[in-house]
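Thanks for sending this one over. Below are some notes to read with the sequence and the coordinates open beside you.

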Amino acid sequence: MSVYLSIENVGITFKTDKGSFCALDDVRLRIDKGEFISVIGHSGCGKSTLLNIVAGLLQATEGGVLLEGREVDSPGPDRAVVFQNHSLLPWLTVYDNVRMAVDKVLGGTKTKAERHDWTMHNLALVRMDQAKDKKPGEISGGMKQRVGIARALAMEPKVLLLDEPFGALDALTRAHLQDSLMEIHHRLGNTVIMITHDVDESVLLSDRIVMMNNGPAATIGQILDIDLERPRRRVDLAADPHYNHLRAEVLRFLHGHAPASHAA
Ligand SMILES: Nc1ncnc2c1ncn2[C@@H]1O[C@H](COP(=O)(O)OP(=O)(O)OP(=O)(O)O)[C@@H](O)[C@H]1O
Ligand SMILES: [Mg+2]
């Protein structure tokens, strides 16, 4: 079977004032279509760097990334990114932030009316249709994050790349968005790579958790299969021994790889 998304022996060395710095070394990962992958690891280990290489925003210095057999060497609408610090344009309304992306990607294939409907549909998915005329400055952080997700989904990307998408949110909003993301993933079957620091979030959402070693020259330390049945409900899982076993595996990995300054 051919691999959908392949990260092949990826390494990257940055040139800095103090000489060169090898952030990633020999990262290899093969991802199937529709898989939900979480990447977890300590701060500074290279998670965002890896995601940016898959997005085509950074060039690997070794190896490369293949999507459906084609090399990724620049950003493209087939890979939408949601950054931790939502990147909405402050002078545009919620609606226009999403609509702009829709026009760019689907301008050639959908009529104006269809593009309007599609924009509204995606805003409704994240329950932001009611706030469509507000500017980013008038909505909360969680709402901005939801608009960022709607914008990414509206581009119908083959691959959704999420860099700590819920990192800045309160626990309730976070839980709500995790549930929406699970539902959207179930419905649309996107391939997702999500960076997170949250162990529960990674186990709840993922098919596999990629755990990274610390840098420099960081690489994948361990990959954990999350063989919990879907749909998953957080309330049921809390009492599930297998869920708790998987959760403990991730914690064990993270504590076994604490950065020197944090080791207890
Ligand atoms: N453009 C750059 N030039 C030099 N070094 C860089 C550059 N970008 C990242 N790095 C270094 O590469 C390493 C990995 O950074 P990266 O942002 O990928 O970490 P991360 O795992 O996403 O961390 P966090 O969890 O804090 O977001 C860090 O040591 C960082 O200082
Ligand atoms: Mg990061």
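**Notes on the fold and some local details**

1. Let's begin with the overall layout. The secondary structure of the protein chain comes to 8 helices and 10 strands. Its radius of gyration is 19 Å, close to the 18 Å that the globule rule gives for 264 residues, so the chain is as compact as a globular protein of that length. Please keep in mind throughout that this is a predicted model.

2. A few more figures describe the chain as a whole. Taken along the principal axes, the C-alpha atoms fill a box of roughly 55 × 45 × 40 Å. Buried residues make up 48% of the 264 residues. Among contacts with a separation of 6 or more, 68% are between residues 24 or more positions apart.

3. The accessible surface comes to about 13,000 Å², and carbon and sulfur atoms account for 52% of that. There are 30 positive and 34 negative side chains, with the centres of the two sets 5 Å apart.

4. Which residues have the most contacts inside the largest nonpolar core? They are Met128, Leu160, Leu181, Val203, Ile209 and Val250, in a core of 50 residues. A second, separate core has 30 residues, including Leu24, Ile53, Ile193 and Met212. Returning to Met128, its contacts beyond the neighbours within four places in sequence are Val94, Leu123, Ile139, Met143, Arg146 and Val147.

5. Helix α1, residues 47-55, deserves a look. Of its 9 residues, 8 are buried, so this helix is largely enclosed by the rest of the structure. The buried set is Lys47, Thr49, Leu50, Leu51, Asn52, Ile53, Val54 and Ala55. Ile53 also belongs to the second core.

6. Is Gln178 buried or exposed? It is buried, since its relative accessible area is 4%, and the cut-off for buried is under 20%. Gln178 sits in helix α5, which spans residues 171-188. Leaving aside neighbours within four places in sequence, Gln178 touches Phe166, Glu201, Leu204, Leu205 and Arg234.

7. Gly34 is in the loop between β2 (19-31) and β3 (36-40). Apart from neighbours within four places in sequence, Gly34 is in contact with His185, Gly189, Asn190, Thr191 and Asp207. By comparison, the C-alpha atoms of Gly34 and His242 are separated by 23 Å, and these two residues are 208 residues apart along the chain.

8. Two cis peptide bonds are worth checking on your screen. One joins Gly215 and Pro216, with omega about -5°; Pro216 is in the loop between β9 (208-212) and β10 (220-225). Another runs from Arg230 to Pro231, with omega near -5°, and Pro231 lies in the loop between β10 and α7 (234-237).

9. Asp26 is in strand β2 and is partly exposed, with a relative accessible area of 31%. Glu164 is not a glycine either, and its phi is positive, at about 45°. Glu164 is found in the loop between β7 (159-163) and α5, and counts as buried at 15% relative accessibility.

Technical notes:
Residues are numbered from 1 along each chain as its sequence is written. Chains are lettered from A and ligands numbered from 1 in the order in which they are written. This is a predicted model: local features need pLDDT of at least 70, side-chain atom pairs count only at pLDDT 80 or more; totals for chains, interfaces and linings use all residues. Side-chain values use heavy atoms; hydrogens and water are left out. A nonpolar core is a set of buried Ala, Val, Leu, Ile, Met, Phe, Trp, Tyr and Cys residues joined through side-chain atoms within 4.5 Å. Buried means under 20% relative accessible area, exposed over 50%, partly exposed in between (1.4 Å probe, protein chains only). Contact means heavy atoms within 4.5 Å. Helices (H or I, at least four residues) and strands (E, at least two) are DSSP runs, numbered from the N terminus. The radius of gyration is taken over C-alpha atoms; the globule rule is 2.2 Å times the number of residues to the power 0.38. Accessible areas come from the Shrake-Rupley method with a 1.4 Å probe; for residues, only the protein chains shown count as cover. Lys and Arg count as positive and Asp and Glu as negative; His and the chain ends are not counted. The place of a charge is taken as NZ of Lys, CZ of Arg, CG of Asp or CD of Glu.
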